[in-house]
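Visitor: Please take me through the strand pairing here, starting with a close look at one pair of facing residues. Then go on to the packing around the strands.

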Amino acid sequence: MSRLAALVCLGLLAWSRAVAASVDFKLVDARGHPVPDAVVSLVPLDPAAPATAASRRPVEIEQVKQEFLPYVTPVLVGTTVSFPNRDTEQHHVYSLSDAKKFEFPLYKPGMAEKVVFDRPGVVAIGCNVHDWMIAYVVVLETPLFAKSDDDGAARVADVPPGHYRAEVWQPRLDKPATREVTIAADSPAPLAFTLPLKRDLRIHRPVESGGGYK
Ligand SMILES: [Cu+2]
């Protein structure tokens with residue numbers, strides 16, 4: 001590549017970074033309470049959507065105090081997830097989901113099997129020994145995603161301007177909430193969603209067991 005071409009490429013790269021926007025999501029339930037553990041994503045609708053840096057860095061879902069941590073993990077399709085057992089006892093980790101079926105029977109402390117999530121979809125993971133243990137891996141085809149925090153806030157960074165379908169997935173939604181949005185180069189207004197959540201059907205564990213969740 002000539003020096004001039006290289007300079008032009010660098011210039012274009014800097015320009016595309018400069019015009020990329022951060023898109024904030026603000027999620028509440030029907031009573032106005034913030035919704036954590038939701039996966040938000042932006043699916044490009046333009047025919048020639050600009051390529052974005054894909055994030056396939058390795059991800060962990062550990063077992064600690066007879067819980068999976070984290071509860072919800074969004075990943076780009078093709079990501080490897082390891083499942084380290086950092087507990088003092090054996091688990092039996094499994095998924096029956098279409099997007100990825102797997103099973104680690106007799107899963108002893110110190111083991112750390114890996115799974116490549118190579119198909120899009122939601123994968124529910126359980127433990128045959130401890131019925132309350134549950135985790136979700138949300139496998140996405142777009143690298144533009146984030147997970148909401150305790151304030152119901154999620155930020156997707158480095159979004160090239162364009163036309164997108166904004167999607168929100170949460171374990172207590174019957175189906176993802178979606179909306180078409182146009183992202184401009186300047187700071188867009190936050191995308192506010194009111195989510196019709198179902199009851200939380202997770203099994204609540206006694207506090208003295210040391211586990212549980214809010
Ligand atoms: Cu278990």
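Guide: Glu60 stands opposite Ser82 in β7. This is a predicted model, in which local features need pLDDT of at least 70 and side-chain atom pairs count only at pLDDT 80 or more, while totals for chains, interfaces and linings use all residues. Residues are numbered from 1 along each chain as its sequence is written.

Strands here are DSSP runs of E, at least two residues long, numbered from the N terminus; two strands pair if DSSP finds at least two bridges between them. β3 and strand β7 (residues 79-84) run parallel and are joined by 2 bridges. Both belong to an open sheet of 3 strands, ordered β3-β7-β10, with mixed pairing. Its edges are β3 (59-60) and β10 (112-117), each of which pairs on one side only. Strands of a sheet pair through backbone hydrogen bonds, either parallel or antiparallel.

Next, strand β6 (residues 72-76). β6 pairs with β12 in the parallel sense over 5 bridges, and Thr73 stands opposite Val137 in β12.

The largest nonpolar core has 41 residues, of which Ala38, Val40, Val137, Val138 and Val156 touch the most other members. Strand β12 (residues 134-140) gives the most to this core, with 6 residues. Such a core is a set of buried Ala, Val, Leu, Ile, Met, Phe, Trp, Tyr and Cys residues joined through C-beta atoms within 7 Å. Contact between two residues likewise means C-beta atoms, placed from the backbone, within 7 Å. Beyond four places in sequence, Val138 contacts Val39, Val72, Pro74, Val122 and Trp169.

Val156 is the bridge partner, in β14, of Val23. Strand β1 (residues 21-29) and strand β14 (residues 153-159) pair in the antiparallel sense over 5 bridges, whereas β1 and β17 pair in the parallel sense, also over 5 bridges. In β17, Leu195 is the bridge partner of Asp29. Leu195 lies in strand β17 (residues 191-195) and counts as partly exposed because it has 19 C-beta neighbours inside 10 Å. Among its contacts beyond four places in sequence are Leu27, Val35, Val168 and Leu173.

Technical notes:
A residue is buried if 20 or more other C-beta atoms lie within 10 Å of its own, exposed if 12 or fewer, and partly exposed in between; C-beta atoms are placed from the backbone. Helices (H or I, at least four residues) and strands (E, at least two) are DSSP runs, numbered from the N terminus.
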